[in-house]
Structure formats: structure tokens, C-alpha cells
Amino acid sequence: MASKVPRDTLYESIQAVLDCSNKKKRKFNETVELQINLKNYDPQKDKRFSGTVKLKNIPKPKYKVCVLGDQQHCDEAEANNIAFMDIEALKKLNKNKKMVKKLAKRYDAFLASDSLIKQIPRILGPGLNKAGKFPSLLAHGESMTGKVDDAKSTIKFQMKKVLCLAVAVGHVGMTQDELVANISLAINFLVSLLKKNWQNIRSLYIKSTMGPPQRLY
């Protein structure tokens, strides 16, 4: 499906975002966000969509992932400096809703060993699921660091009750080409989720956390 955002526009807008950010350097690494306004869509009647896509370049380097692992996975996580919890640590939370909520808040995503994943609802209750952070499966043949990078590279589009969406597609420390690759991929994936594709898109903007929005479409 052809993109309706010309590459020149994309490059110019990204340059404008990076220039604004460079002029007024912040003490943190600003996130670059893609903001989407939809049209011809009724969130009450139309089917709400949701989908995830893996971007080429990690958009969220500070994204925190925790491994809920068996002994082997906990050892591997420790060796790779990845946060982890074993089954005993999970049992200590004692299904306490506040503690589980705190755990869900502390991390952006969870990975779990296959022996643990089935037990998580029983040990923790529905807290992680309610927070939209139920763990992804981590099998023993898979690379843990690869899985963590996958989680850091994956963004989610989810239609709620309103007609605007925003997702993090990168940060101002990335190069123009890296941002172009991520934003093109994100836009094309979103359009593919929409019932009428481009006819459902009213406008597209990109902006850094503190910068002004730049219109793409």
C-alpha cells in the first residue's frame, strides 16, 4: 500500500523536530511521538482495532523489561543485567492487589518461562492482565537479550473511545534515517489496521516530548 506521506515531507518534519530539540537541549532524552487523528470512524459502533508492530530501530531504550523465570532463566537474566523475579518472589506478593499493581507499574513489559506462565494468574491474580502487561512467553531455546530487544522495539496501536492515538516511535538521539524507517513502518502498519485505510486518517503529526508538532499529512 502506497504511503500518502512523501519521503521529503517526512525528512523535513523529522529534521524540524530534531532542530527544535537541539536548540533547547533537555536534561532527558526526548521521545518522538507519532500522533494520529482518525475520521469516518465511530468508536461506539465500529470494531475497535489493536495491533503490535516491531520497528527496525529500538524506539524506547529506557523501556524496562522484567523476566519472571525458572532458575535457569533467572541465572541468565542476572548474567545479562536484566531484572528478574523467581516463583518464590512472586508468591511473596501474596496476590496483594496493591503490590501486584506496583509491580506492573515498575516495568513496561514482562517475559515469563513456560513453566511459570500458566501459574501466573493463580499466583498473582489478574493484576498484570488488567494493566495490559501479561507476560510474553520466553522459551529456553530463545535468546533472552533478543526477546528483550524485541519488547523494546514493539509498539502497540490500540483504539480506545476517542479518535486520536499517540505512539512512541523513537527519540531525539536517533538519526534522521532511523526515525524515517520507524515512522514509515508505523504509519503503514496503522493504515493496514484501518477499515478504510487512508480514508480513515484525518491527520498525522510527529513531535518530540517538549517540541511543537510537525504535520505529516
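A nonpolar core is a set of buried Ala, Val, Leu, Ile, Met, Phe, Trp, Tyr and Cys residues joined through side-chain atoms within 4.5 Å. The structure examined here is a predicted model. Its largest nonpolar core has 34 residues. Within this core, the residues with the most contacts are L34, F49, F157, I183, I187 and L216. Two or more core residues come from each of α1 (7-23), β1, β7 (154-158), β8 (164-171), α9 and β9. The largest share is that of α9, which gives 7 residues. In soluble globular proteins, nonpolar side chains tend to be buried together.

The surface was examined next. K64, K98, K102 and R106 form a positive patch there. One of these residues, K64, sits in the loop that runs between β2 (50-54) and β3 (65-68). K64 has a relative accessible area of 44%.

N40 has a phi near 50°, a positive value in a residue other than glycine. This residue, N40, is located in the loop between β1 (31-38) and β2. For N197, phi is near 50°, again a positive value in a residue other than glycine. N197 belongs to the loop between α9 (176-193) and β9 (201-208). The relative accessibility of N197 is 27%, so N197 counts as partly exposed.

Terms used. Residues numbered from 1 in each chain as written. Predicted model: local features only at pLDDT ≥ 70, side-chain atom pairs only at ≥ 80, totals over all residues. Heavy atoms only, no water. Patch = residues over 30% accessible without salt bridge, like charges linked within 9 Å, V, L, I, M, F, W, Y side chains within 5 Å. Areas by Shrake-Rupley, 256 points an atom, 1.4 Å probe, with all protein chains shown as cover. Salt bridge = Lys/Arg side-chain N within 4 Å of Asp/Glu carboxyl O. Lys, Arg positive; Asp, Glu negative; His and termini not counted. Charge placed at Lys NZ, Arg CZ, Asp CG, Glu CD. Helix = DSSP H or I, 4+ residues; strand = E, 2+ residues; numbered from the N terminus. Buried < 20%, exposed > 50% of the residue type's maximum accessible area, 1.4 Å probe, protein only.
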